[in-house]
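Colleague: I want to learn how to read a model like this one. Please take me through it feature by feature.

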Amino acid sequence: MHGFDFKEIQEKISDSFRPWQRSFQFWVRATNIYTGYKVCQLRVSLVKDAKKQEQMWERQHEQAADKIYFMCSDLGGFFLKIAQLLAKPDMAPAAWVRKLVTLCDQAPATPFDGVQRVLQKELGQTIDEIFETFDEKPLGSASIAQVHKARVKGNKMDVVVKVQHPGIEKLMMTDIRNLQLFALYVQRTDIKFDLYSITKEMETQIGYEFDFKREANAMERIRHFLYENNKKSPVIVPRVLRDTVTKKVLVMEYINGIPILSLGDEMARRGINPHGKIAEAAKQKILNSLSRAYGQMILKSGFFHADPHPGNILICNGPEVALLDYGQVKELPDNLRLGYANLVLDMADKNASRVAQSFRELGLHTVAKCENEQQELLRLAQTLFDTKMPAGQTVLQPFADDSSIKKIAVEAFPEELFSVLRTVVLLRGLSVGMGVNYSCAEQWRSMAEEVLFASGRLTRDVNGTSRRRASLRSLRAGC
């Protein structure tokens with residue numbers, strides 16, 4: 001008769017209760033944060049002095065920042081991704097950004113014995129049997145996995161070994177479903193924006209991140225596209241070691257570089273003025289490389305890396321840019337890829353009269369609650385899908401009372417477009433953080449024209465004037 005393994009039984013019981021515990025913690029904390037803002041909103045409405053109103057909101061942002069920080073820090077997992085998204089100087093109040101930016105690289109690491117168990121289970125061999133060297137201390141740990149520097153036996157090339165945290169998939173999917181319920185409530189009570197569809201796309205995309213075989217395929221596909229379609233790829237994409245890829249382990253080329261968030265410190269260490277002409281030129285080159293790569297991936301290929309947060313970007317010699325982590329990728333159907341190309345032209349040309357048609361073509365349904373509908377639709381498009389900040393602004397608060405989202409209700413937002421929106425928002429955050437204000441729509445204009453010409457949706461008349469042909473979808477929508 002076999003004895004009971006009480007420790008194993010205890011761990012199983014604990015694991016079964018963890019999703020419930022996390023759900024309870026999320027709802028208690030999220031309700032507290034939300035209620036704080038509603039109370040502040042009521043108090044501000046009773047005050048007439050604009051300066052006092054601003055001070056009241058700033059105090060509220062400071063209080064909320066602490067609460068959001070501890071919620072994301074304590075729960076980890078998916079909420080670290082939320083912190084990454086919110087810690088952008090163009091998207092959130094400054095108090096939030098100051099607090100949450102410190103969380104972006106603070107995911108707890110799996111102990112080394114846990115890493116060894118995952119590797120042996122996935123690869124069928126011990127670490128010593130596969131690797132010549134293997135650093136026990138991880139280079140970094142993120143919400144889903146951590147990475148270690150190593151060298152495979154019989155290969156002199158340094159590699160990075162990406163190992164998935166045990167049990168993380170179940171917890172993160174619980175977190176996402178809680179966020180979906182919260183999004184449904186908020187969009188019905190406060191924000192007339194289809195937040196639920198966005199969270200559904202997040203569920204789909206993050207679900208893909210748990211399959212490292214899929215990530216390896218995506219990395220190779222994007223690397224092939226960028227290296228084949230340019231004399232020199234605008235970004236460096238690591239090579240995959242195919243023989244050591246499983247669902248939970250990924251081995252790839254090691255890229256030597258510094259994190260983009262450390263660029264200012266590195267310049268100062270080298271005696272370069274971070275605000276001087278040399279630094280500004282370097283920043284422009286970095287952003288130009290990233291933006292060119294993304295323009296090509298989104299508009300020309302339709303298959304793109306959808307997670308350009310600072311932790312996934314390294315600055316190498318040159319300054320060359322390396323793009324890491326291909327867990328979140330997206331493939332746009334041709335109708336959305338070409339529809340977005342049309343919208344890029346509208347934003348680049350500030351053509352307010354055509355935005356409504358481009359929105360219809362994309363399946364983005366809006367209801368206007370203002371008189372100057374065309375101009376507000378253009379503002380909405382720029383808020384969602386362009387990187388350029390309005391003159392004199394360094395913070396973009398899309399849900400403020402005077403924002404276009406408050407004036408134009410977004411009743412349907414195609415899930416597939418969320419990855420484009422998120423990518424643009426992250427690129428905007430990078431540019432604001434580096435002190436460079438640029439328009440991706442203006443930079444991508446020539447690419448948009450090129451793909452529209454190739455598809456037959458854009459033609460030139462005898463005078464050389466470009467003319468656009470409406471898609472069948474937009475014609476039907478206008479009937």
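Colleague: How many helices and strands does the protein have?

Modeller: There are 18 helices and 14 strands. Helices (H or I, at least four residues) and strands (E, at least two) are DSSP runs, numbered from the N terminus. This is a predicted model: local features need pLDDT of at least 70, side-chain atom pairs count only at pLDDT 80 or more, and totals for chains, interfaces and linings use all residues. Residues are numbered from 1 along each chain as its sequence is written, and side-chain values use heavy atoms, with hydrogens and water left out.

Colleague: What percentage of the residues in the protein is buried?

Modeller: Start with the cut-offs. Buried means under 20% relative accessible area, exposed over 50%, partly exposed in between (1.4 Å probe, protein chains only). Here buried residues make up 51% of the 479 residues.

Colleague: Which residues of helix α3 are buried?

Modeller: Helix α3 spans residues 78-86, and seven of its nine residues are buried. They are Phe78, Phe79, Leu80, Lys81, Ile82, Ala83 and Gln84. Now take Gln84 and Thr102. They are 18 residues apart in sequence, and their C-alpha atoms are 9.5 Å apart in space. Thr102 lies in the loop between α4 (94-100) and α5 (112-123).

Colleague: Why does Thr102 count as partly exposed?

Modeller: Because its relative accessible area is 36%.

Colleague: And Ile191, is it buried or exposed?

Modeller: Ile191 is buried, because its relative accessible area is 16%. Its place is in the loop between α7 and α8 (195-208). Ile191 and Val410 are 219 residues apart in sequence, yet 9.3 Å apart in space, C-alpha to C-alpha.

Colleague: How do I read a nonpolar core, and how many residues has the largest one?

Modeller: In soluble globular proteins, nonpolar side chains tend to be buried together. A nonpolar core is a set of buried Ala, Val, Leu, Ile, Met, Phe, Trp, Tyr and Cys residues joined through side-chain atoms within 4.5 Å. The largest here has 121 residues; Leu290, Phe385 and Trp444 are among those with the most contacts inside it. Helix α11 (residues 277-301) supplies its largest share, ten residues. Apart from this core lies another, of 17 residues, including Phe112 and Phe134.

Colleague: What is Leu290 in contact with, beyond four places in sequence?

Modeller: Contact means heavy atoms within 4.5 Å. Leaving aside neighbours within four places, Leu290 touches Val235, Ile313, Val321, Leu323 and Leu430.

Colleague: How many aromatic pairs are there?

Modeller: The rule first. Rings of Phe, Tyr and Trp (its six-membered ring) pair if their centres lie within 6.5 Å; planes under 30 degrees apart count as stacked, over 60 as edge-to-face and the rest as tilted. The count comes to 14 aromatic pairs. Trp27 and Phe182 form an edge-to-face one, at 6.2 Å centre to centre with 65° between the planes. This pair links distant parts of the chain: Trp27 is in helix α1 (residues 6-45) and Phe182 in helix α7 (residues 168-189), 155 residues apart.

Colleague: Where does Asp325 sit, and what does its side chain reach?

Modeller: Asp325 is in the loop between β9 (321-323) and β10 (329-331). Its side chain reaches the backbone nitrogen of Gly327 at 3.1 Å. Leaving aside neighbours within four places in sequence, Asp325 is in contact with Lys162, Glu215, His305 and Asn312.

Note on methods
Polar contact = N/O pair within 3.5 Å; in protein donor to acceptor, adjacent residues only side chain to side chain.
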